[in-house]
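Good morning, and thank you for coming. I would ask you to look at the structure with me, one region at a time.

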Amino acid sequence: MIKKLLIILIAVVSASVVFAQKVQSPDEFLGYKLGDQFTPHYRIVDYFKYIAQASKNVKLQQFGTTNEGRPLLAMFIASDENIGRLEEIRHNNLRLAGIESGGAAIANAPVITWLSYNVHGNEPASSEAAMWTLFDLVDPANSTTKTWLKNSVVVIDPCLNPDGRDRYVHFYNSVRGAVPDANPTAREHVEPWPGGRINHYYFDLNRDWAWQAQKETQARVGLFNQWLPEVHVDYHEQGYNAPYYFAPAAEPYHKDITQWQRDFQVTIGKNNAKYFDQNGWMYFTKQEFDLLYPSYGDTYPLYNGSIGMTYEQGGISAGLAVLTRSGDTLTFAQRIAHHHSTGLSTIEITSANAQKLLDEFKKFYNNSRTNPPGEYKTYVIKNDNNNNINALAKMLGRNGIQYGFGLANKSIIGYDYFTGKTEQYSVGPNDMVINAYQSKVVLLHVLLEPKTFIADSNTYDITAWALPYAYGLRAYGVKASLKPANTNQSITKAQQPVNNHAYAYVANWQSVNDVRFLAALLKKHIKVRYSEKPFEAAGKKFAAGSLLIARASNDVPNFDQVVTQIAAQLDETLVPLASGFVDKGSDLGSDVIRYIREPRVMLMAGEGVNAEAMGEVWHLFEQQLGYPITLVKYQDLGRTHLSDFDVVIFPDGHYDDFPSDKLQSWIKDGGKLIALDNAVAELADQKGFALKKKEEKKDDKADAKDKETVKIYGDRDRDAIRSMIPGAIFKLNLDNTHPLGFGLPNYYYSLKLNDDIYELLSNDDGWNVGTIKKNSLVSGFAGAQSKLKINNGLLLGVQSIGRGSVIYMVDDPLFRSFWENGKLLFSNAVFMVGQ
């Protein structure tokens, strides 16, 4: 009997060991086969949490949350030997990069492969593949992946955009039938506005890596920079008629991408191709997806020493099954399988080249610190705008770029970004100084180079982004290596005045931080004025647009305390005035001092509106200014009481049946209409609006020659480029005496995404605030025809209609929320114009 019980006990123990080694596949855990249906994000989270409990070879980390509260996760998978020393491995990798110092290199350091899935919510196949790939890496029965993990740590981020993914999944699951309808015209293949691609605030998270405007990106890139993997893959889907795309990428490559990074893209591509060839799957490389714009999931890692790549599966709008142009039915299961294949292939080839990858990674950073790219070895950013300097410093800090302030030698010879001249300049103690001899110099150089070198003009995204233009800060490139005098990376904060009986307080108006301060005051119902003209008081000079918070009309308890506390919270410098009698200019009771009414703001949303452009405005108000805004669907505008609003904003979009008469009646009664980008085109040439499209003047000889030229079919893409501006920086002449130009110099750098330009308004019709002359291109690519067209016209204008105004903003001043100087320009339109 005892012997029998012992046998049973041994059997139970053996069964327990077998059970402990068994890990459920995604199919087993979810209760359906991957590809049979879309998995909601919470179930993906559940599976990753389950694996974290079921496997001893993983560590799950939640590194943030989305705007809608969903978790952001990263799973670290490693061998028995390495899983317990992940922190040691991480610090070792940072030492290889020179980010950290001290400590000897660890023995048998593994290579780090990072796989990022589903950055665009309506490209859902990759998150499903992430579960499958994770299972293969932790499956105790999978001896192949165990071999790879001997010298590799794999990081899986299963979903970079959970809010967008769930928006898409919930849509599809709500409209699908019992059987997927493969007909492309079926409603399950047509997403409603705004679609699942974007996050909660309608930002494209794949364009936000460097700028980090969104909280998801801030958290993710923060974690990425704590590790700096040797290989990074960003998983996507494209139109469902396209076959699979993987590296090597298309030209242009940025010139700072190393030959090793180029070559290893080919190595990885050939390994992917091996498995696709075996399965008879179609694919392409070296087309469409280039490596230039610095804020992608492939380029950002490349500029940080990784092998960065994009993988694209055909599948947007494909649902669970769709009939393609070739007559084949593309299924969700097939899309998942393709992503799964490239994931394992990438881990395999990375493992096979682990030591070489580590050596080249170290070499990349050694070269960065000892032989930085580019002709400039020091960058000096003038502190003419303390808030913008602080905003730039915050952005650089998030990217791990080191900077300081001031120089021991206060005079430099450098290239002036704004004049294009090399001359001698003086450096102040609060001017930012960035020395190029540092680990992150490649990214630094890409972000600061005054003119982007473009080997091939056929690019996928914008071609200019230099931060001094985006932040409106004068900058100099210096060929000598100069180190900042103050390396504390902070500017001494101005002391707030203590004055309980000030006649009025004055605040600057030159940055979005000043707008935030104004918004906070208005929300507290503090009456604020501004001066239309410059003045001098209390021994200081104040520019037009300066905010005046006077005791007069502000009969509120603890007036001084409320104002100074808000200023302290927002790091806003106040100057107290003891009198309304000024030293120079107009006194505070004159007619050039205007009230700023607390505007009630409406933003157009819904079908026809460019969701990303609308999201930029929405995010600015809610997350940056903290000021209320009402979103109204364009389709509901007809039954909306416009009298409930003072400002109506039309972002970029295509507005059918534009209600011109209704809007003009509202404007005449004092309303303010702000039109941006293509919304300006909707107003142009309509009765009652003065704006006219600029007619393109043709050169008869050139036109005749063009007609004689026989077009070549193979050159059609190149021919189209002649009239394209994928994104280039142009310099505008700005009338900064007009409220739309307050706080800015007499010029403005605009990021143009097209060649739209308008005739100058007549003196009777309005004000030409932002105009452009010939040869105003500063940086980036513009086609030959477009450069000729953008000449002697209007890009920023204000028209008065009755008691109201129309503000025309031909280019998007809030583009991806990284064009910092545009935020003040746009805020002028909202708060200053028409008061």
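In this predicted model, five strands form an open sheet in the order β25-β20-β24-β21-β26, and their pairing is antiparallel. Which strands lie at the edges? They are β25, residues 574–577, and β26, residues 593–596, each of which pairs on one side only. From one strand to the next, the twist averages 30°.

Strand β21, residues 528–531, and strand β24, residues 547–550, are joined in the antiparallel sense over two bridges. Arg-529 has Leu-548 of β24 as its bridge partner. Helix α17, residues 512–523, packs on the sheet and touches β20 (504–507), β21, β24, β25 and β26. The direction of α17 makes about 30° with that of β24.

I turn now to a pair of helices. Two packed helices are described by the angle between their axes and by the distance between those axes. Helix α5 (residues 86–96) and helix α9 (residues 215–227) pack at about 80°, with their axes 7 Å apart. The angle therefore makes α5 roughly perpendicular to α9. On the α5 side, the contact is made by Leu-86, Ile-89, Arg-90, Asn-93 and Leu-94, and on the α9 side by Asn-225, Gln-226 and Trp-227. The residues of this contact comprise four nonpolar, three polar and one charged.

Finally, consider helix α13, residues 354–370. Which residues of α13 are buried? Among them are Leu-357, Leu-358, Phe-361 and Phe-364, and also Glu-360.

Key: Residues are numbered from 1 along each chain as its sequence is written. This is a predicted model: local features need pLDDT of at least 70, side-chain atom pairs count only at pLDDT 80 or more; totals for chains, interfaces and linings use all residues. Side-chain values use heavy atoms; hydrogens and water are left out. Axes are lines fitted to C-alpha atoms, for helices over the stretch in contact, and angles run from 0 to 180 degrees between N-to-C directions. Helices (H or I, at least four residues) and strands (E, at least two) are DSSP runs, numbered from the N terminus. Angles under 35 degrees count as roughly parallel, over 145 as roughly antiparallel, 65 to 115 as roughly perpendicular and the rest as oblique. Contact means heavy atoms within 4.5 Å. Ala, Val, Leu, Ile, Met, Phe, Trp, Tyr, Cys and Pro count as nonpolar, Asp, Glu, Lys and Arg as charged, and the others, Gly among them, as polar. Buried means under 20% relative accessible area, exposed over 50%, partly exposed in between (1.4 Å probe, protein chains only). Two strands pair if DSSP finds at least two bridges between them.
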